[in-house]
Amino acid sequence: MGASRSSGTTDALGPDEEPDEPGRADGQGGPGGPDGQGASSVPLDSGAGAGSGADSGAELLAALLDGMDAALCAFDAGGTVTHWNREAERILGWSAQEAVGRKGFAGWAVRRADAHEVQGRLMAAMDAPGRQVHEFALLRKDGSRVLVRTQSARVLGAGGKPAGVYCAFSEVHAQIDLERAIALSEALLEDVSWGVVLVDVDLRPTVVNAYAARALGGSRTGLLGRPLGELVVQGVEELEAALAHVLAEGAPGAPAEFWVTLRTAEGERRRCWRSGFLRLASPLTEEPVPLGVGWMFRDVTARKLAQQEADRLRFRTGQLHRAARTVSECEDPMEAATSLLDFALAGFADHVLLDLMEGERLVRTAATPADAPGPCLLVAGGSIPVRYGPGHPALQAVERTGSVRTSAGVGAADPEGAAAWAAERRWPRDAAHALSTVLRSRGRTLGVLTFLRAANRTAFERPDTAYAETVAARVAGAVDLARAVGPGAGE
């Protein structure tokens, strides 16, 4: 709201405050203030004998009123305008010099037909405690009309009797915009279908809605002020970097996706959050001062996993299709088997071992290089029996006539421990995850196919088992064909 200046004593107006001698200053109507600038006032007290202290109070009141964000005017008990600030001048176009000292709004700020009703409703605040809220159509100086929402309250004198009314008003559309903004912020911070977190300049949560609290694994109050690193085990660096970028440069043009690992009571879980960011700045300063970041996100883990699985299935189907075309051109069935394994390895595993049954023993027939990536090749110089110990995954696959998955487990984090685990099973030293599946054709077990992954890759899962069994079925057909046509690479 704007401010007020006068040459005499000016008293602050409030719902329950008034100068000692309430009354209308009829002799001081008209333009107020010797400088002829800014908003003016006609004091409700005559201010006789006012000295420099009164002048200081008047200047202070003028500064306070001129610094307000809402329009303000005041009336004495007789309905004469005593105060008019700069925001009132901005909205209606009437200056303080033109407004102060006028009797009511009739004929200048309100149409004459509406003046009696408007004035009556405003001055009715003198007879009622508290604030009265009304909406009026006021006139601008250019003749146009503007709908305003007013809050009026009585001003009491020292004796407790009503001495006047003050009225704060703003344009209805501005008030509605403010109410909508407040309603929107409150709705966002309730239980909506996406997470909302307000982060301060230190990148710590200050407000968390219910969705975000569930996603972060805590309560709405328990998460406040805690560093994100206490909540997110992996991926917090990328998230904090994005928040810091928004603080410094502004919001990115498109949402971003972050894979994070959360620490929860049930253990660690990996989630994907599709996130958008807004830089928050104070509206009360001339230059935007960052208050923090508004972070909005949705958990899209299920959709991302389904998309990844679809992409993986599409790629593997394409690999099998290309392998089938290549195998159809191979004259030697064992060459067809190793070619098929080369296609199967792409994006699936780091090593593959082909062990075929000779009597009661498994014999190493083909394998990829143990010390470096390379194609699957038949073992040079003849087949070599493998010395698998009891309970070996390959032997278990033969016994169960199915597939067996295994991993180095805790030892995979220790290179030496993982190497010892692999060496004990007669596998390459970098192997940390294994999937052994039996080779079956025409109702007979022909051998075992073992895929191996290094420690930097994830363990084999159920979808991987289905793919390995599909590959094993095709390899078993090639091996069976090699044995059926006579002695060859498979014997």
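1. A pocket, on a 1 Å grid over the protein atoms alone, is an open set of points with protein on both sides within 12 Å along at least five of seven lines, and its lining residues have an atom within 4 Å of a point. The largest pocket here is lined by 15 residues, and L305, Q308, R312, T458 and E461 are the ones that lie nearest its centre.

2. This is a predicted model, in which local features need pLDDT of at least 70 and side-chain atom pairs count only at pLDDT 80 or more, while totals for chains, interfaces and linings use all residues. Residues are numbered from 1 along each chain as its sequence is written, and side-chain values use heavy atoms, with hydrogens and water left out.

3. The space in the largest pocket comes to about 540 Å³, where a volume is the space filled by probe spheres set on the grid points, which are joined across faces, edges and corners. Helices (H or I, at least four residues) and strands (E, at least two) are DSSP runs, numbered from the N terminus. Helix α8 (301-327) and helix α12 (462-485) each supply at least two lining residues of the largest pocket. The most comes from α8, with five residues. By class, this lining has four nonpolar, three polar and eight charged residues. In that count, Ala, Val, Leu, Ile, Met, Phe, Trp, Tyr, Cys and Pro are nonpolar, Asp, Glu, Lys and Arg are charged, and the others, Gly among them, are polar.

4. How are α8 and α12 placed against each other? They pack at an angle of about 5°, with their axes 12 Å apart; axes are lines fitted to C-alpha atoms, for helices over the stretch in contact, and angles run from 0 to 180 degrees between N-to-C directions. The two helices α8 and α12 are therefore roughly parallel to each other, a label for angles under 35 degrees. Contact (heavy atoms within 4.5 Å) is made by E309, R316, Q319, L320 and A324 of α8 with P463, D464, Y467, T470, V471 and R474 of α12. By class, the contact has five nonpolar, two polar and four charged residues.

5. The second largest pocket has a volume of about 320 Å³. Its lining has 17 residues, with A70, Q151, F169, S170 and Q175 nearest the centre. Two or more of the lining residues come from each of α2 (86-92), β5 (145-156), β6 (162-171) and α5 (172-188). Strand β6 gives the largest share, four residues. The classes are eight nonpolar, four polar and five charged.

6. Six strands form an open sheet with antiparallel pairing, in the order β8-β7-β12-β11-β10-β9; two strands pair if DSSP finds at least two bridges between them. The edge strands β8 (205-208) and β9 (232-234) each pair on one side only. On average, neighbouring strands of this sheet are turned by 40° against each other, direction ignored.

7. Within this sheet, five bridges join β7 (residues 195-199) to β12 (residues 290-299), and G195 stands opposite F297 in β12. Nine bridges join β11 (residues 267-281) to β12, where D299 is the bridge partner of W273. Strand β10 (residues 256-264) is joined to β11 by nine bridges, and E257 has R274 in β11 as its bridge partner.

Key
On a 1 Å grid over the protein atoms alone, a cavity is a set of points where a 1.4 Å probe fits but cannot get out, and a pocket is an open set with protein on both sides within 12 Å along at least five of seven lines; lining residues have an atom within 4 Å of a point. Angles under 35 degrees count as roughly parallel, over 145 as roughly antiparallel, 65 to 115 as roughly perpendicular and the rest as oblique.
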